[in-house]
Every structure is written in C-alpha cells, then in structure tokens.
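Visitor: I am new here. Please show me the structure, then take my questions.

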Amino acid sequence: MNDLLLITPPFTQLNTPYPGTAYLKGFLNTRNISSFQMDLGIEVILAIFSKNGLKGIFSQAKKEKTIDSENAERIFALREHYLHTIDGVIRFLQGKAPTFARQLCTENFLPRASRFEQLDDLDEAFGHMGMQDRAKHLATLYLEDLSDFIIECIDPYFGFSRYAERLGKSANSFDELYLNLQQKPTYIDQISLAILDQRIRQFQPKMICFSVPFPGNLYSALRCGAHIKAHFKEIKIAMGGGFPNTELRSLTDTRVFEFVDFISLDDGEKPIELLVEHVLHPIGSTRNTGRLKRTFVLDQGKVFYNNLSDEKDYRQSELGTPDYSDLFLDQYISVIEIANPMHSLWTDGRWNKLTMAHGCYWGKCTFCDISLDYIKIYEPIAANILVDRMEQLMQQSGDNGFHFVDEAAPPALMRAVALEIMKRKLTVTWWTNIRFEKSFSRDLCLLLKASGCIAVSGGLEVASDRLLKLIDKGVTVAQVAQVTRNFTEAGIMVHAYLMYGYPTQTVQETIDSLEMVRQLFESGVLQSGFWHQFAMTAHSPVGLHPEAFQVIPDKKAISFANNDIAFEDESGIDHQIFSQGLKTSLYNYMHGVGFDLPLQDWFDFEIPSPGIEAHYIADCLEAEDNFPQKQTAKMVWLGNPPEIKKTNRKRERQTFLELTFHSPSAIIDFTLEESQGRWLVAILEKLARESKLLTFAQFKESFEERGGLFERFWTAEFHADMRECGLLMV
C-alpha cells in the first residue's frame, strides 16, 4: 500500500517519460512519503500496439462498420500482416531486437499504407550504413498508418502524444468537455480505465495525483477521475502540472470537482506535502490542515482558491533527485518521424530529464508567460548538485543521456556544469534549450561539446531585427547567425524555434524572415527548425497589454481554461495563409534541398520578393569572435601533453623547443623559444593538474613574470592554434 499514486495520463511521449511525476517522487522521498508512479500513456500504447490489442482494434472497427476510406480498407485488408509484425516492430523500437532492422528494411516485409506514399529517399537520408535509423523511420511510418486507422475507425481523438487535445485547448467554458465526459467511454478510454483499475487494486493508494502537462492530457485525466469517483469513492484525487498552471488560474466552474478534489498551481512540492497532511493525517497533524498552498477546492458549493498557508516553498537544492523508479524505462518506444538527426532527439532515445534552473534568467520576451511563477521566479541550481543528480540518475536508470528541460539554460551555469562533468571524468550525452546570446563564444561551445553536449534548441522566433526588438528577445539576426556558427563548428547541432504572425508583422517581414532562415540552413549553421503561428496568451505582456501591440482581443467570459486569446491584428493581415509554404520550405531545407528555388515556389499566391541581400547571413558569418580579452575568463586545458624536441639554430644562436600536439582530429606543431616553450608546457601541466582554474589575467601574469611581452606571444593566430590543441578561454 502506498500513500500516493502519481499518474501521467495519456498521452505525452513514446520515447521517454514526462518528468513531472519523477520530480514529485524524488521530493516525496525526502519527506518519507511513500508513492508509486505510472505513465498510463505508455501502458495504454503498449496494450493497443500488440497482437492482442490490434485484434481488438480490427474487431471493433468491423463491428462499428466505420471502415470507409480507401486507406482504412487497405489496412484492414492487410490486418493479418499487421498482427504478424506488430510485436516484433515494438520490440525493435524498444531497443530489444536490433537485428530485426535488416528484416524491417526488406522491401515487402512491413505492410504499407498512405504514410509510405511520402517516403523520404532513404539512401540520401540515412546513407547505405544507417540501417538502424532507416528501420526506425520505416517502423514509425507503419505505426502512423495504424494510428490513422484508429483515428478514422475507432476514436477521432487519438494521437500518439495527445488525446482529445481540442477539448482542452482554449476551453474558456467547461461545457463541451463536460458533455463529452458524460458520454460512454470510448474504446481507447476502456483500455485506459482497465489498466488504471488494475493498478489501483494492486497498489491501493490513499490519494491519486494526476500530472497534466498539456491540453492533450486533460480529457484522460478527468475521465480517469470519473472512474475513480465511481468505483473507489474513498480515494481523493488531486491534479497539477503545466496545464492547470497556465490555463486554470481563473477557474470558477464547480462541475470540474465532479472529477477531482484538488487542483494545485505552480511548483507542486509544498502544495502536495500540505495535501498529504490534510487528506491522510488530519488528526494529530502539527499543521492547521485547512491551510493549503495554491490549491483550488470546492467549499460550500463554490470554487475556493485556498492559499492560506504561510509556509514557504522549498528551494531547488532541497527538492531531491528525480526518481524514475516504477516506470517501465525499458519499454519506451524510440521513433524517427522525419530523417533529420536534430529533429529526432525529441522522439528517439530515452533521456533522463533535469532542470538547470527554475524559471528564465532573461524573462522579458513579450510573447511568453513571464508573469507566471514558472518563468518569473528564477533560481539556478549549483553545478555540483546538478552533477550529483546526474550521477544518481545514471546509477538508477542505467542511461547516461540527459535532456535539460530549461526555459533557457544560463550560459554561466552550462559552463560550470560542463567543467564539473569533466572534473569527474563522466561520459554523458546531453542537450538543452538556450537563448542565442553572445556569451556562447567558440571556446565555450567547444567546452560544452567536450563535456557531452550534442545539441541545443533556441528561439530565433521572427528573423527580423525590428520584431526581435519588439519581442524584447535581446538578440539580433547577425548575433544568432554567429552563435549558431560557433555551436555548429564545435559539432553541436542547432534547432531554431520560428514564429510568424507576430503583431504588426508585415507580409514583407514574413518573407524576409523566411529568406533569413533559408540562408541560415544553406550556410549549414542550422540543422533543424519549427515554424509556429503566434498565439496570444493571457499571461504574456501582449495578452496583458494588447493595445500596446496593436491587437484587438476577443475576450470571453472565463469559467474554465484561460490561456490562448483569440484576437484581430489591426493590420488585417491573414497570417494563416503563410503556414503551408513556411512549413513546406522548412521541411525541404532540413533535408538539405530547395535552397535554389525562388521563395515564390513555396506559395500558391503572390508574395513580394525578399528585401534581404542574398549574402546577408554569409557576411554575418565572416565576422569572427572578438579576440577574448576578458580578464576573468577561465583557462581550461582539454588537450594531451605535447611531444617535446629541443633544437638549436646556429644562425640565431638560440635554443628552441618543437612542440607537437595530438588532438583527436589533427597534429599541430609549434616552434617556440625555449623559455616560452618551457613556460607553455609548465602552465598546461598546471591547468591539467590543479582543480582551481586560472583566470586569463593570471595566465598572462604568469607569462610576464618571465620578462616576456605577452601581446607579441599571444596573438590571435596562436590562440586559434592553441584552441585546436585544446586550450580554451571560457
């Protein structure tokens, strides 16, 4: 028996668990509160996509007589082929049968429906040796065909990473969602509820807590809540997570409490601790159990926001290490939707998820929910604590891959984490979200790469300096180009979040933005991207002060969800018409094609010619990093000791040292005056040996103590060569 059952309802990701319940369980461990966690989504997916599960799907479709389209008829006709192959495909995608890749790549092994009609050129995308990735891509298309069949014939709300998302998205009123919840459970619901019922009887929790990160999890959470209310009346139900935090802050509809008892906002640790006291230990508690923290309850027939507790939230260092135990870590499914190595990080491989800092250190972007605590309250975690947690997670999960899910990871903390990883000689792989700011010098990017960083994602948003200033992004297009170059040249992949339709954006600026993006991809400094249309949210500066951004909000009465706000742009431009052209062009650019096509070819209506010079980004990339002169920069030596050979030059009557450095990619030779060479070897040994790093000022002072002129020795060319050997200034 456990005090709590923590549940992520269907659906989030196939390849890795959403970390909300793992964070909570890690905290509960520090408070000696027993809990069990489950990802109901992956359990439902595994139940559906199995031989027995597909038998049920095909039987249900036949029974309901919903097989109408040519595509659905083909899949149903090939049902025996699907039943024969499904278990093997799932095992392969779980990493349990790598040799099955050869079978999957055989021309006629997998049944093929409409998803295969747009199959990429596999030889171009994966080469002749990338068989594992090729097989994953084919298996992904196979699963997407089956998903299309389920959506058409069984349940229109189904989706691998969301369920009934439309019902939860921008639902100012609870009416439509409530009406759907009064209907008989769908076939997918029945599978979910059967698994839930089994787990409740197995673990006998006293309280069930649903972590609802997205609109696509809400319907399932409430459907599960209704089932618990009907069959396990003694169990209390709480809900928290990203969706309530952003959408339910204006909740007044009492009907929601027919499905849950408590809805907590923002950081969940203190609220859940108080709820445990309130629900499980009301007698003899040392606390006034009626005083909760940021929690909606039903009180005397009305929705009451109980924030009566004066207890403070915990600091990030006090929350413990996320605990992924209980979850079926070896059963998640890695998929590759499109043949792009950066894009596949979100769906391929299992990642331990951590956060470097709570909130955003920038916290100014006008489209962002910067008024909410999860953005507004910035609190970084010390690098040694973060790397302690990494080591604990590696030991627990057996995986050394980490995705830091920050709003924007702070460059200084990334540097500290990288140095700590290397100090402990850990072999890890990690990636995170950043701002494209100038702190990411060539040297810092090389350090991050050496510590195991393989990729970063960041918001370029609108590739227009005027609009970037209006957004208060704090970067320019030229700066983004140079930073992405630094990452790319260090061997770190870069993904850009792109936006169109920002208030006051003109048609010309949209096309110029696309041209900027085209040039960034053609220059090779971007590897992946994603366009989304601007959405005005209630908690952003644009949503709070729409008149300042020349938009007219369509405000409605709020009794349930309040986040996305419908609006009219005073310019009258219909930005939606650009959607397909922007996405199609980007898809091609990510595959390395289409750069020579006129932008007009991507659109079926007339657009203006780009106002950006064809070599704009190339010119930006020619600008080198300013030669580092920051006296407080840390000197880091990543290289190997040089081979040393002493030589005499009779003509110059001097003794020289020939130093040969072996880097992983090159052999680099220097010939230096003996005194300078001896100093360089000694200082590199010192950097390798001592844990306390020298600053650039100390490095320079050490040289000058020998009587040399540092500026003549430490030229930009010499620094570039030493960087290649492994000497960095960060």
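Guide: A crossing is left-handed if the near helix is turned anticlockwise from the far one by less than a right angle, and right-handed if clockwise. Helices (H or I, at least four residues) and strands (E, at least two) are DSSP runs, numbered from the N terminus. This is a predicted model: local features need pLDDT of at least 70, side-chain atom pairs count only at pLDDT 80 or more, and totals for chains, interfaces and linings use all residues. Residues are numbered from 1 along each chain as its sequence is written, and side-chain values use heavy atoms, without hydrogens and water.

Visitor: At what angle do helix 11 and helix 12 pack?

Guide: Axes are lines fitted to C-alpha atoms, for helices over the stretch in contact, and angles run from 0 to 180 degrees between N-to-C directions. Helix 11 spans residues 187-203 and helix 12 spans residues 215-231. Their axes are 10 Å apart, and the angle is about 55°.

Visitor: Which word describes how helix 11 and helix 12 lie to each other?

Guide: Angles under 35 degrees count as roughly parallel, over 145 as roughly antiparallel, 65 to 115 as roughly perpendicular and the rest as oblique. The angle here is about 55°. Helix 11 and helix 12 are therefore oblique.

Visitor: Is the crossing of helix 11 and helix 12 left-handed or right-handed?

Guide: Take helix 11 as the one that passes helix 12. The crossing is right-handed.

Visitor: How many charged residues are in the contact of helix 11 with helix 12?

Guide: Helix 11 brings D189, L193, L196, D197 and I200 to the contact (heavy atoms within 4.5 Å). Helix 12 brings Y219, R223, C224, H227 and I228. Ala, Val, Leu, Ile, Met, Phe, Trp, Tyr, Cys and Pro count as nonpolar, Asp, Glu, Lys and Arg as charged, and the others, Gly among them, as polar. The contact then divides into six nonpolar, one polar and, as charged residues, three.

Visitor: How many residues of strand 3 are buried?

Guide: Buried means under 20% relative accessible area, exposed over 50%, partly exposed in between (1.4 Å probe, protein chains only). M207, C209 and S211 point one way from strand 3, I208 and F210 the other way, and all are buried. Of the five residues of strand 3, the buried ones number five.

Visitor: Which residue of strand 4 stands opposite I208?

Guide: Two strands pair if DSSP finds at least two bridges between them. Strand 3 runs parallel to strand 1 (residues 4-8), with four bridges, and L4 stands opposite M207 there. Strand 3 also runs parallel to strand 4 (residues 236-240), with five bridges. In strand 4, the residue opposite I208 is I237.

Visitor: Which strands stand at the edges of the open sheet, each with a single partner strand?

Guide: Six strands form this sheet in the order 8-11-12-13-14-15, with parallel pairing. Each edge strand has a single partner, so one side is left without a neighbour in the sheet. The edge strands are strand 8 (352-354) and strand 15 (528-533).

Visitor: By how much are neighbouring strands of this sheet turned against each other on average?

Guide: Direction is ignored for this value. The average is 20°.

Visitor: What angle does the direction of helix 21 make with that of strand 15?

Guide: Helix 21 (residues 507-522) packs on the sheet. It touches strand 13 (453-461), strand 14 (493-500) and strand 15. With the direction of strand 15, helix 21 makes about 165°.

Visitor: Which residue of strand 12 is the bridge partner of F404?

Guide: Strand 8 and strand 11 (residues 401-404) run parallel over three bridges, and L354 stands opposite F404. Strand 11 and strand 12 also pair in the parallel sense, over four bridges. Strand 12 (residues 429-434) has five of its six residues buried, so it is largely enclosed by the rest of the structure. The partner of F404 in strand 12 is T432.

Visitor: Is A383 buried or exposed?

Guide: A383 lies in helix 16 (residues 383-397). Leaving aside neighbours within four places in sequence, A383 is in contact with L413, A416, V417 and E420. At 12% relative accessibility, A383 counts as buried.

Visitor: What is the relative accessible area of L693?

Guide: L693 is found in the loop between helix 25 (674-689) and helix 26 (696-704). Leaving aside neighbours within four places in sequence, L693 is in contact with L419, K634, M635, V636 and Q698. L693 is partly exposed, with a relative accessible area of 21%.
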